[in-house]
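Trainee: Can we go through this one together? I'd like to know what stands behind the words.

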Amino acid sequence: KMNRSQGVALRSILIIADDLTGAADSAVQFRQVGFSAVVLVHPASHRSVWPRAQVVSLSLNTRDASPVAVRHIWERQAPIIRALAQDALVYHKIDSTLRGHPALEVRLLLGCLGAASAIVVPAFPKLGRHTVEGVHRVYGVPLAETEYSRTRRRSRLTSHLPDLLMAGDDVRPIHLPWQVIDGGVEIVAQWLREHLDEPCRLIT
């Protein structure tokens, strides 16, 4: 928990979500611990509020859009995203059951910001979403065997998180194993340093 009275020099935080609920749910977590936060759907119309909020949460409303439409939305919003991301910590809020287009949108974000890598963590233990040995589960059931995999567009044939985040011929995501996590912070930091230098790498 941090606030201005503690004398901590805070950078701004940018949240990007694929729907309004996710944008609001993420922003309220910061608001509850003392950060100023604003949720935006049409950011270009509210530029005056950008500097006044420590946390800006942006809903792109791409959850149910087609991949072509998603690309168009990102292309249109890219200048605003880059402006908001300057000197900010960027958090891309995705659905914990991977609905929408997380594989595509994470890559669009990397391209938009010129970033090399992203750490993708859809686990939400409070709601029973866990990733175990790279397999994403909902209350212990592999994602592919749950109702969340039966979308209108296609069924997910796998619950393996790196496979779910594959996109075309892009570099295959890699998974941070629990054995490394159990080794402690320094071991995890070393593992990340070794992998974050690789271009366009997603780490789950």
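Predicted model: local features only at pLDDT ≥ 70, side-chain atom pairs only at ≥ 80, totals over all residues.

Mentor: Residues are numbered from 1 along each chain as its sequence is written, and side-chain values use heavy atoms, with hydrogens and water left out.

Trainee: Why is serine 96 called buried?

Mentor: Buried means under 20% relative accessible area (1.4 Å probe, protein chains only). Serine 96 has 9%, so it is buried.

Trainee: What makes the pairing of the side chains of serine 96 and arginine 129 a polar contact?

Mentor: The term needs a pair of N or O atoms within 3.5 Å; within protein, one must be able to donate a hydrogen and the other to accept it, and residues adjacent in sequence count only if both atoms are side-chain atoms. Here the distance is 2.9 Å, and the pair counts as a polar contact.

Trainee: Why is α3 said to be largely enclosed by the rest of the structure?

Mentor: Because 10 of its 12 residues are buried. Among them are Leu104, Val106 and Cys112.

Trainee: What is the span of α3 set against?

Mentor: The expected span is 1.5 Å times one less than the number of residues. α3 reaches 16 Å from its first C-alpha to its last, close to the 16 Å expected.

Trainee: How many cavities of 30 Å³ or more are there?

Mentor: The count comes to 1. The largest cavity has a volume of about 40 Å³, and Asp18, His92 and Glu105 are among the residues that line it.

Technical notes:
Buried < 20%, exposed > 50% of the residue type's maximum accessible area, 1.4 Å probe, protein only. 1 Å grid on protein atoms, 1.4 Å probe; cavity = no way out; pocket = protein on both sides within 12 Å on 5 of 7 lines; lining within 4 Å. Points joined across faces, edges and corners; volume = space filled by probe spheres on them. Helix = DSSP H or I, 4+ residues; strand = E, 2+ residues; numbered from the N terminus.
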